[in-house]
Amino acid sequence: STGSFTYDPGFMSTAACNSSITYIDGDKGELLYRGFPIEQLAVNCDFLETCYLLLNGELPNAKQKNVFVDTVTKHTMVHEQMQFFFRGFRRDAHPMSVLVGTVGALASFYHDSLDINDPHHREVSAIRLIAKMPTLVAMAYKYSVGQPFVYPRNDLSYSANFMHMMFSTPCEEYKVNDVLVRALDRILILHADHEQNASTSTVRLSGSSGANPFACIAAGIACLWGPAHGGANEAALNMLKEIGSVDKIGEFVKQVKDKNSGVKLMGFGHRVYKNYDPRAKLMRETCHEVLAELGLENDPLFKLAMALEKVALEDEYFVSRKLYPNVDFYSGIVQSALGIPVSLFTGIFAMARTVGWIAQWNEMISDPEQKIGRPRQLYVGATRRDVPAMDKR
Ligand code: SDX
């Protein structure tokens, strides 16, 4: 037992590591960052406060917050050479392929001066990654639409700065809408960390060899891209568009139940949550707020998503399999309402999860007992002795 939590021995035998960053109770649908419930953080904190908490273990006081925000803000620009990496990509390259490439390229600017055994170097790497991800995500978007890159501004908050870099042009400055910026900040909080999910495990495993943290985060981005993981928000919105209308829900659910169809209810189900993902509830509320602010309360996709959720939660097939909405079910709708293109949804997820990845990486690297990860296997192949001559094969 670890303090107030007791794990069954069976669980501990499969646990990948000890961690004090994030706790999930999949049966109760609970999520805690450093012991605080996600519902509290999403309402009472902003994203950079949450970043400070995940990295340092405590929420910042006013002075600590000012120093942290100022430090992150002053690292939001990327090296001028970075713009030339983008030119190698096709304009229609998926933003996640661009992010894997450009975040990995960041390593080339810091590798020689970075000693991962130095806590200060690890702290600066964390700040650089948190600060530069919005800039790179926005650059990937600008490159895809053929608009010039927009430099970050030091007078804007983290999320407002991202919206500025996404939607300002040399001809017109983005007008900050506080409700929309607050919604984006909440989306980032909800995606910031999630225990030992596939991409975090990828970052930990690659980091355990002593690889450069920028390269490890690039590996995490590659893993997150998959539709079974972070790519589900893009897939969930495309699924809603394919269903099209409430009267087609029955037909779609029939397809999902037919195992041969290979059709999944995207944004539903989870490896750990066998109850409602607490982030999905908060995402649905954020959806309501943003759509109301924009006068889109009757957004057909939102109505369709809520109708589909109601049908699934009353259907034995999903109930018996403990399939509930996860963080990805509503996030696409609210991101669309913010003007973010579908192809960039997983990039936003990566932007948010960077703090979780780097906090988990740091926790691992600073453990003096830490060794390189080396999962084993159950060998089920043949064992043979003599290699047959060519004419005997
Ligand atoms: C994220 O790990 C994390 O923490 C990830 C994440 C994070 O913050 O990092 O939370 C983010 O990745 C959320 C998940 C996003 N992915 C999706 O929404 C894609 C759709 N979901 C599924 O692909 C699926 O639910 C998984 C991959 C998430 C989980 O798959 P599992 O482990 O197979 O789920 P399960 O064991 O609970 O499945 C039980 C049954 C199976 O059917 P039977 O063999 O019992 O007949 O439910 C079925 C599954 O086939 N099932 C689904 C389903 N999810 C599971 N059937 C239809 N639609 C689905 N979405």
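This is a predicted model: local features need pLDDT of at least 70, side-chain atom pairs count only at pLDDT 80 or more; totals for chains, interfaces and linings use all residues.
Start with helix α13, residues 249-257. Select I249, F252, V253 and V256, which are the buried residues of this helix. Now look down the axis of α13: these buried residues fall within an arc of 100 degrees, so they line one face of the helix.

Keep α15 in view and turn to the aromatic rings. The count for the model is 13 aromatic pairs. For one of them, select F302 and Y330: the pair is edge-to-face, with 5.8 Å centre to centre and 70 degrees between the planes. F302 belongs to helix α15 and Y330 to helix α17 (residues 328-337), so the pair links distant parts of the chain, 28 residues apart. Are these two residues buried or exposed? F302 is buried because its relative accessible area, 2%, is under the 20% cut-off. Y330 is buried as well, with a relative accessible area of 0%.

The charged end of R321 sits over the ring of Y317, 3.7 Å from the ring centre.

Last, select R91 and Y143. Here the charged end of R91 sits over the ring of Y143, at 4.2 Å from the centre of that ring.

Terms used
Residues are numbered from 1 along each chain as its sequence is written. Side-chain values use heavy atoms; hydrogens and water are left out. Buried means under 20% relative accessible area, exposed over 50%, partly exposed in between (1.4 Å probe, protein chains only). Helices (H or I, at least four residues) and strands (E, at least two) are DSSP runs, numbered from the N terminus. The arc is that of the directions from the helix axis to the C-beta atoms. Rings of Phe, Tyr and Trp (its six-membered ring) pair if their centres lie within 6.5 Å; planes under 30 degrees apart count as stacked, over 60 as edge-to-face and the rest as tilted. A charge sits over a ring if NZ of Lys or CZ of Arg is within 6 Å of the ring centre and within 35 degrees of the ring normal.
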